[in-house]
Amino acid sequence: MTDSLPRAVVLLSGGLDSATALAIARRDGFRCHALTIAYGQRHAAELDAARRVASALGAVEQRVLNLDLRGFGGSALTTDLDVPKDRAVDAMSAGIPITYVPARNTLFLSLALAWAEVLGSFDIYLGVNALDYSGYPDCRPEFIIAFERLANLATQAGVEKKGAFRIRAPLIQLSKAEIIRLGLSIGVDYSLTHSCYDPAVDGSACGRCDSCILRRAGFDAAGATDPIPYTI
């Protein structure tokens, strides 16, 4: 009976990785509560994708919280800065890219932790990946370990030893191709997802930003067809 299953909070952006993380949480036997953050990103396509994915993968509920990070800026995803295009994969990991949103995963995990404590859940899933996004400091294993320690120090549930919070990042050491193969094996419909940083008005992926390039390369390496539309 699903009501008897343990609960997990899953950070769900609508992208390929977070959709796979949600599917893994379901496979692992959790009732999944999907948390999506509208953080002032430059397009709403990923929010629409998150709703589709939450429904298709059986989240028991989805909450969309507004947290407008445009007030701080500092990223091509929250300001009018140009999104980098046509970069070589090696260049993507050479430094922290302008698509990094300052403290985004720290903020998102803090919100997920708050909801988990209210739900009586001790498991939080997110789809960070240290291989394909090595330029992002908040996608590294060290960050996940540190935040898990914080979660158990900074909550009533942790201090009173009601349970141990676990920050689960099942994709963190997988290549994009490995993520795609895993997702396909557990029923993820990637046509529902959205990865592009700079989509066309109709939602089509640009095919040229870092995220599109990595996604396409991942599908090619996995020997699978990417089901989303691209402008090029």
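**Close-up views of a predicted model**

**View 1. Helices α1 and α7 cross with their axes within 10 Å, at roughly 45°.** This angle makes α1 oblique to α7. The crossing of α1 past α7 is left-handed. From α1, the residues Leu16, Asp17, Thr20, Ile24 and Arg27 take part, and they meet Lys176, Ile179, Ile180, Leu182 and Gly183 of α7. The model shown here and in the other views is predicted.

**View 2. Helices α7 and α8 come within 8 Å of each other, axis to axis, and cross at roughly 65°.** The two helices are therefore roughly perpendicular, since angles of 65 to 115 degrees count as such. Here α7 passes α8 in a right-handed crossing, whereas α1 passes α7 in a left-handed one. On the α7 side the residues are Lys176, Ala177, Ile180 and Arg181. Their partners in α8 are Leu214, Arg215, Gly218, Phe219, Ala221 and Ala222. Lys176 and Ile180 of α7 also meet residues of α1.

**View 3. Helix α8 covers residues 210–222.** The buried residues of α8 are Asp210, Ser211, Cys212, Leu214, Arg215, Gly218, Phe219 and Ala222. In an α-helix there are 3.6 residues a turn, so residues three or four places apart point the same way. Leu214, Gly218 and Ala222 are among the buried residues of α8. The elements against which the buried residues pack are α1 (16–27), α3 (89–92) and α7 (176–185). Directly after α8 comes Gly223, with a positive phi near 70°.

**View 4. Five strands form an open sheet in the order β3-β2-β1-β4-β5, with parallel pairing.** The edges are formed by β3 (61–66) and β5 (166–168), each of which pairs on one side only. On average, neighbouring strands of the sheet are turned by 25° against each other, direction ignored. Strands β1 (residues 7–11) and β2 (residues 31–38) run parallel and are joined by five bridges. Within this pair, Val10 has Ala34 of β2 as its bridge partner. Helix α2 (residues 45–56) packs on the sheet and touches β2 and β3. The direction of α2 makes about 175° with that of β2.

**View 5. Ile232 is placed in the segment after α8.** Its relative accessible area is 55%, so Ile232 is exposed, the cut-off being over 50%. Apart from neighbours within four places in sequence, Ile232 is in contact with Cys206, Gly207, Arg208 and Arg216. Tyr39 is 193 residues away from Ile232 along the chain, and the C-alpha atoms of the two are separated by 28 Å.

**View 6. Asp86 and Lys161 are residues other than glycine with positive phi.** For Asp86 the value is about 60°, and for Lys161 phi is near 60°. Asp86 sits in the loop between β3 and α3. Lys161 belongs to the loop between α6 (156–159) and β5. With a relative accessibility of 71%, Lys161 counts as exposed.

Methods. Residues numbered from 1 in each chain as written. Predicted model: local features only at pLDDT ≥ 70, side-chain atom pairs only at ≥ 80, totals over all residues. Heavy atoms only, no water. Helix = DSSP H or I, 4+ residues; strand = E, 2+ residues; numbered from the N terminus. Expected span 1.5 Å × (residues − 1). Buried < 20%, exposed > 50% of the residue type's maximum accessible area, 1.4 Å probe, protein only. Contact = heavy atoms within 4.5 Å. Pairing = 2+ DSSP bridges. Axes fitted to C-alpha atoms, helices over the stretch in contact; angles between N-to-C directions. Parallel < 35°, antiparallel > 145°, perpendicular 65-115°, else oblique. Left-handed = near helix turned anticlockwise from the far one by under 90°.
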